[in-house]
Amino acid sequence: MKKKNPSHKRLDTLLNNQDWAVDPCGNPVAVSGWEEEQQRCMIRLQVPKGAFPYQPELGSGLHALAAQAAQMTRADCAARAMELAQEALLPMPYIRVCSASCRYDADGRFTGFSILLAGAEWEKEVLIQTDE
């Protein structure tokens with residue numbers, strides 16, 4: 001049985017650089033369908049788990065993992081990032097986390113995560129940068 005995707009019935013406001021995206025007249029830009037699914041995924045992955053007091057289950061543990069990444073092997077970091085991304089997106093059963101990796105700069109310093117996501121009609125790599 002195919003899982004229903006409730007986002008096809010919704011309409012949300014597009015986010016851009018942690019603010020609402022606006023058209024040339026200053027009106028908020030609407031987003032729906034697969035673009036809204038991607039936006040909802042990004043919110044769940046980027047927000048530290050527990051950051052919203054009235055919805056503490058929203059978010060991911062990727063920020064906590066970022067603080068530990070320097071002490072982990074790359075393989076362990078990637079495996080844990082995969083687990084945390086899957087956990088964050090559990091309320092969205094029609095989204096698959098295809099892969100996850102930890103990103104490093106040329107000097108070997110941890111810079112964030114790369115998560116490959118797939119919905120029914122799309123696949124996209126998202127980059128999650130952390131403050132660590």
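Analyst: Two strands count as paired if DSSP finds at least two bridges between them; strands themselves (E, at least two residues) and helices (H or I, at least four) are DSSP runs, numbered from the N terminus. Quick background: this is a predicted model, where local features need pLDDT of at least 70, side-chain atom pairs count only at pLDDT 80 or more, and totals for chains, interfaces and linings use all residues. Residues are numbered from 1 along each chain as its sequence is written, and side-chain values use heavy atoms, with hydrogens and water left out.

User: What makes β5 and β6 a pair?

Analyst: Strand β6 (residues 110–118) and β5 share eight bridges in the antiparallel sense, and the cut-off is at least two, so they pair. One example is Val 97, whose bridge partner in β6 is Leu 117.

User: Why are β5 and β7 called edge strands?

Analyst: The open sheet has three strands in the order β5-β6-β7, with antiparallel pairing. β5 and β7 (123–129) each have a single partner strand, so one side of each has no neighbour in the sheet. From one strand to the next, the twist averages 20°.

User: How do you know that Cys 77 and Cys 102 form a disulfide?

Analyst: Their sulfurs sit 1.9 Å apart, and a disulfide is a pair of cysteine sulfur atoms within 2.5 Å, so this pair qualifies. A search of the whole structure turns up one disulfide. Cys 77 is in helix α3 (residues 74–88) and Cys 102 is in strand β5 (residues 96–104), so the link ties together parts 25 residues apart in sequence.

User: What makes the link of Cys 77 and Cys 102 left-handed or right-handed?

Analyst: The angle about the S-S bond is -95°, and the link is left-handed. Both Cys 77 and Cys 102 are buried.

User: How do you know that the length of α1 agrees with its 14 residues?

Analyst: The expected span is 1.5 Å times one less than the number of residues. For α1 that should give 20 Å, and its end C-alpha atoms are 20 Å apart, so the two agree. Helix α1 (residues 33–46) lies across β6 and β7, and its buried residues include Glu 36, Arg 40 and Leu 45.

Key:
Buried means under 20% relative accessible area, exposed over 50%, partly exposed in between (1.4 Å probe, protein chains only). Axes are lines fitted to C-alpha atoms, for helices over the stretch in contact, and angles run from 0 to 180 degrees between N-to-C directions. Contact means heavy atoms within 4.5 Å.
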